[in-house]
Amino acid sequence: MTVSYTLEVANVRFGGFTKLLLRWRGSIYRLLYKDLLVFCGVYLFFSLFYRFLLTPKQQDLFERVALYCDQFTNTNFIPVLFVLGFYVTLAFNRWWGQYTSFPLPDNLMMVVSGNVHGADETGRLLRRTLMRYANLSSVLILRSISTRVHKRFPTLEHIVEAGFMTMHELKMFESLHSDFNKYWMPLTWFSNLASRAREEGRVRDDIALRLLMDELNNYRAKCSLLFHYDWITIPLVYTQVVTIAVYSFFAFCVIGRQFLNPEKGYKDHKLDLYVPVFTLLQFFFYTGWLKVGELIINPFGEDDDDFETNQLIDRNIQVSMLAVDDMYQNLAPIVKDKHWSQRHFSIPYTLSTVAETLRPAFKGSTFDMRSTTSYFFNILLLHINHWKT
């Protein structure tokens, strides 16, 4: 389930973000702790190997190798920051694009509810079927890209059992042979059914039909975009370059960042601290950054912060059916509002917000600005008029 902490950071206060560091679920600690333990274990192995198992001559050789490897832990040799920064930026833009491409039926259901008429059973059936086709299309596309949805609907029979499709529609769906994903078929049924509704007068004019088709195409475009996001990903070669750059950097760090004998006077080896604190921080930041890129490159998996696709499916089918069925022509009586006879009125505040009424209304950043030039110009005009008189 997506980890939300929006309420906790609604107001900036002392220690507000510090509390977030103590969370485990959805945290970088949960994502990174295994890699960090492996790195610490390998580093400890070489440290003990160098200190207790090697002869003095072998220690000299190990120290020369460590000094040589330390040269390559400079980021000028391996541009970790550059490749990581560009990669994570690219992955984040892709992640946000996938989120905004999720097909939501809200616009479509409003158009169906307002333009497909009929309070009888046929009209109700028509509106519900249109929205069922729209939701079926999103289920089919999500089933092909989301592991959560595929586990929920492993076969088309499960979709029939859930009520998104009838057995007759399933036979029609399977009878049409295509080598490609057929998520678009229910939307074609939607289009044909809307045209029939226009012929029967359920859709009263061509403008209403055009509005239905426009919203349907917008909905279809988002389904198609999700499919292409899943198909065309970040080139594998770039992902490999970033991964190799990060792990090769820390492979050199395992040897090059060892604390050598201070008595031998090696440069930058004046202390023997045993624990490479700053190297561990580098590992935490760089590898954590890489893990973030790996996490958001495909948000349709089962990680803590991946999209809640199954809940979105539940929400979409529920609200779309409510909008076109229960809410169809279900209006409250039109009455005069509370402030009908008042020209000037104010909306009441609670005690916790009444202090906001003391603040002056914002009229613009330059509303009360005095121009120095115009001030002296007016003074000059006054003097000229006084001199003339």
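Guide: Asp325 and Arg124 form a salt bridge in which the closest N and O atoms are 2.8 Å apart; the term denotes a side-chain nitrogen of Lys or Arg within 4 Å of a carboxyl oxygen of Asp or Glu. Asp325 belongs to helix α14 and Arg124 to helix α6, so the pair ties together parts that are 201 residues apart in sequence. Helices (H or I, at least four residues) and strands (E, at least two) are DSSP runs, numbered from the N terminus. Asp325 counts as buried because its relative accessibility is 13%, whereas Arg124, with a relative accessible area of 41%, is partly exposed. Here buried means under 20% relative accessible area, exposed over 50%, and partly exposed in between, with a 1.4 Å probe and protein chains only.

The model is a predicted one: local features need pLDDT of at least 70, side-chain atom pairs count only at pLDDT 80 or more, and totals for chains, interfaces and linings use all residues. Residues are numbered from 1 along each chain as its sequence is written, and side-chain values use heavy atoms, with hydrogens and water left out.

Leu142 touches Phe102, Val149, Leu226, Phe300, Thr309 and Ile313, leaving aside residues up to four places away in sequence; contact means heavy atoms within 4.5 Å.

The structure holds 17 salt bridges. In another of them, the side chains of Lys264 and Glu63 meet at 3.1 Å, N to O. Lys264 lies in the loop between α12 (236-256) and α13 (277-296) and Glu63 in helix α3 (residues 56-71), so this pair too ties together parts that are 201 residues apart in sequence. Glu63 is buried, with a relative accessible area of 0%, while Lys264 is partly exposed at 34%. A further bridge joins Arg210 and Asp214 at 3.2 Å, N to O. Both of these residues lie in helix α11, four residues apart, about one turn of the helix. Arg210 is exposed at 56% relative accessibility, and Asp214 is partly exposed at 31%. Asp35, Lys291 and Glu294 are linked in a network of salt bridges.

As to the overall arrangement, the chain is divided into domain 1 (6-100 + 234-297) and domain 2 (105-215), with bounds from an automatic or database domain assignment. The domain centres, taken over C-alpha atoms, are separated by 50 Å.
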